[in-house]
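Thanks for asking for a second pair of eyes on this one.

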Amino acid sequence: MLERAFLVIAIVLLVVALRWYIMWRQHQHRGQQFTHADLPLGRPGIIALTTRHCMQCERLQKPALQRLQAQRHDVTVLWRNVADEPELVKQFGIMTVPSTVVRGANGELRHINLGYTDEHTLLQQIA
């Protein structure tokens with residue numbers, strides 16, 4: 001019974017450490033200039049990373065980004081396959097899809113979201 005408790009504690013600590021590492025990686029890049037050939041400066045932009053068979057991307061992330069663009073016509077949204085963006089995936093530690101990279105109008109990196117992110121959160125991140 002004691003061994004089981006130690007195993008549960010170890011798993012919890014591992015999950016907490018992994019979450020802390022992901023948050024640290026995201027904030028490590030925040031505020032740096034981020035350019036992408038297809039994101040024009042002067043407008044906020046989002047790169048949405050996906051794969052060919054990502055159901056969450058199609059059913060959740062895509063509609064959320066469409067609702068965001070309906071509210072903010074100045075936001076450029078690019079959909080990219082992770083297989084076509086190996087440098088971006090490596091640079092920002094993208095480990096899952098959907099993921100979104102949010103850039104401000106002046107080119108600064110605002111947020112990296114791993115997993116589905118709703119339009120309300122994305123709007124706050126752009127503001």
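This is a predicted model: local features need pLDDT of at least 70, side-chain atom pairs count only at pLDDT 80 or more; totals for chains, interfaces and linings use all residues.

1. Does Ile-9 count as buried, exposed or partly exposed? Ile-9 counts as partly exposed, because its relative accessibility is 46%, and the band for that class runs between 20% and 50%. The residue sits in helix α1, which covers residues 2-29. Together with Leu-2, Phe-6 and Leu-13, Ile-9 makes a nonpolar surface patch of about 450 Å².

2. The chain averages a pLDDT of 87, and 87% of the residues score at least 70. Among the elements of the chain, α1 has the lowest mean pLDDT, at 74, while helix α2 (residues 55-71) has the highest, at 97.

3. Now the overall layout. The chain has four helices and four strands, and along the sequence they follow the pattern α-β-α-β-α-β-β-α. Of its 127 residues, 38% count as buried. Taking contacts between residues at least 6 apart in sequence, 69% join residues at least 24 apart. The accessible surface comes to about 7,900 Å², and carbon and sulfur atoms account for 60% of it.

4. Leaving aside residues up to four places away in sequence, Thr-76 touches Asp-38, Leu-39, Pro-40, Arg-43, Pro-44, Gly-45, Ile-46 and Gln-69. With one of these, Arg-43, there is a polar contact between the two side chains, at 3.5 Å.

5. For context, most peptide bonds are trans. Pro-98 lies in the loop between α3 (86-92) and β3 (99-103).

6. On to charged pairs: how many salt bridges are there? The count comes to six. One of them joins Glu-58 to Lys-62, with the closest N and O atoms 3.8 Å apart. Both residues lie in helix α2, four residues apart, which is about one turn of the helix. Glu-58 is partly exposed at 46% relative accessibility, and Lys-62 is also partly exposed, at 30%.

7. Another pair is Arg-72 with Asp-74, where the closest N and O atoms are 2.8 Å apart. Arg-72 counts as partly exposed because its relative accessibility is 25%. Asp-74 is partly exposed too, with a relative accessible area of 31%.

8. Please also look at Arg-110 and Glu-108, which form a salt bridge with the closest N and O atoms 2.2 Å apart. Is Glu-108 buried or exposed? Glu-108 is buried, because its relative accessible area is 12%, under the 20% cut-off.

9. Finally, Asp-38, Arg-80 and Glu-85 are linked in a network of salt bridges.

Note on methods:
Residues are numbered from 1 along each chain as its sequence is written. Side-chain values use heavy atoms; hydrogens and water are left out. Patches are made of residues with over 30% relative accessible area and no salt bridge: like charges are joined within 9 Å, nonpolar side chains (Val, Leu, Ile, Met, Phe, Trp, Tyr) within 5 Å. Accessible areas come from the Shrake-Rupley method with a 1.4 Å probe; for residues, only the protein chains shown count as cover. A salt bridge is a side-chain nitrogen of Lys or Arg within 4 Å of a carboxyl oxygen of Asp or Glu. Helices (H or I, at least four residues) and strands (E, at least two) are DSSP runs, numbered from the N terminus. Buried means under 20% relative accessible area, exposed over 50%, partly exposed in between (1.4 Å probe, protein chains only). Contact means heavy atoms within 4.5 Å. A polar contact is a pair of N or O atoms within 3.5 Å; within protein, one must be able to donate a hydrogen and the other to accept it, and residues adjacent in sequence count only if both atoms are side-chain atoms. pLDDT is the predictor's confidence in each residue, from 0 to 100.
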